[in-house]
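Subject: Structure for you to look at

Hi there,

Here is the structure I promised to send over. Please open it alongside this note, and then read on for what turned up.

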Amino acid sequence: MSQSNIWQDPDLGMVRDVVAHTSDGCVGCLALGTRWNHLMLCLSCGYVGCSDSSPMRHARHHAETSGHPIAQSLHAGDDWRWCYAHDAPITAPYGYRT
Ligand SMILES: [Zn+2]
Ligand SMILES: [Zn+2]
Ligand SMILES: [Zn+2]
């Protein structure tokens, strides 16, 4: 892959300076009593939901119902985001080139 030809997802314009709603886990799973494997943070509003590797996929559900396409992995050391609108991973550099 060429460094000079990085596609910048236009949905990155939805990214805000967010604070996670909770540090307890997936909001949807905590309400339902279901399990999650991996947590994602919505970068538009701070919703914490489980990723597609979890049975309930609350992060995807949140993206589809709220229109917030970009979520970031909440695991320590992880540095990737997922766009649910394009169903594609987004890796650094995240920002638009100026
Ligand atoms: Zn969940
Ligand atoms: Zn959201
Ligand atoms: Zn996108």
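This is a predicted model: local features need pLDDT of at least 70, side-chain atom pairs count only at pLDDT 80 or more; totals for chains, interfaces and linings use all residues.

A salt bridge here means a side-chain nitrogen of Lys or Arg within 4 Å of a carboxyl oxygen of Asp or Glu. With that definition, a search of the whole structure gives 2 salt bridges.

Residues are numbered from 1 along each chain as its sequence is written, chains are lettered from A and ligands numbered from 1 in the order in which they are written, and side-chain values use heavy atoms, with hydrogens and water left out.

**The salt bridges**

Arg60 takes part in a salt bridge with Asp52, where the closest N and O atoms are 2.4 Å apart. Arg60 also forms one with Asp87, and there the closest N and O atoms are 2.9 Å apart. Asp87 sits in the loop between E4 and strand E5 (88–91) and Arg60 in helix H2, so this pair ties together parts that are 27 residues apart in sequence. (Helices, H or I with at least four residues, and strands, E with at least two, are DSSP runs numbered from the N terminus.) Asp52, Arg60 and Asp87 are thus joined in a network of salt bridges.

How accessible are these residues? For the labels, buried means under 20% relative accessible area, exposed over 50%, and partly exposed in between, using a 1.4 Å probe and protein chains only. Arg60 is buried because its relative accessible area is 14%. Asp52, at 27%, is partly exposed, and Asp87 counts as partly exposed at 42%.

**The zinc ion (ligand 2)**

Which residues coordinate the zinc ion (ligand 2)? They are Cys42 (SG), Cys45 (SG), His62 (NE2) and His68 (ND1), at 2.0 to 2.3 Å. Donors are N, O and S atoms within 2.8 Å of the metal (3.2 Å for Na, K and Ca), and sites may look incomplete because water is not among the atoms. Along the chain, the donors of this ion follow the spacing C-x2-C-x16-H-x5-H.

Ala63, in helix H2 (residues 58–66), is in contact with His68 and Tyr84, leaving aside its neighbours within four places in sequence. Contact means heavy atoms within 4.5 Å. Ala63 and Tyr84 are 21 residues apart in sequence, and their C-alpha atoms are 6.4 Å apart in space. Ala63 is buried, at 9% relative accessibility.

**The zinc ion (ligand 3)**

The protein donors here are Asp9 (OD), Asp9 (OD), Asp11 (OD), Cys83 (SG) and His86 (ND1), lying 1.8 to 2.3 Å from the zinc ion (ligand 3). Their spacing along the chain is D-x1-D-x71-C-x2-H. Asp11, in the segment before helix H1 (27–32), and Cys83, in strand E4 (residues 80–83), link distant parts of the chain, 72 residues apart. Asp11 counts as buried at 16% relative accessibility, and Cys83 is buried at 0%.

**Cysteines and disulfides**

How many disulfides does a search of the whole structure find? It finds 0, where a disulfide is a pair of cysteine sulfur atoms within 2.5 Å. Cys26 is buried at 0% relative accessibility, and Cys50 is buried with a relative accessible area of 0%.

Best wishes
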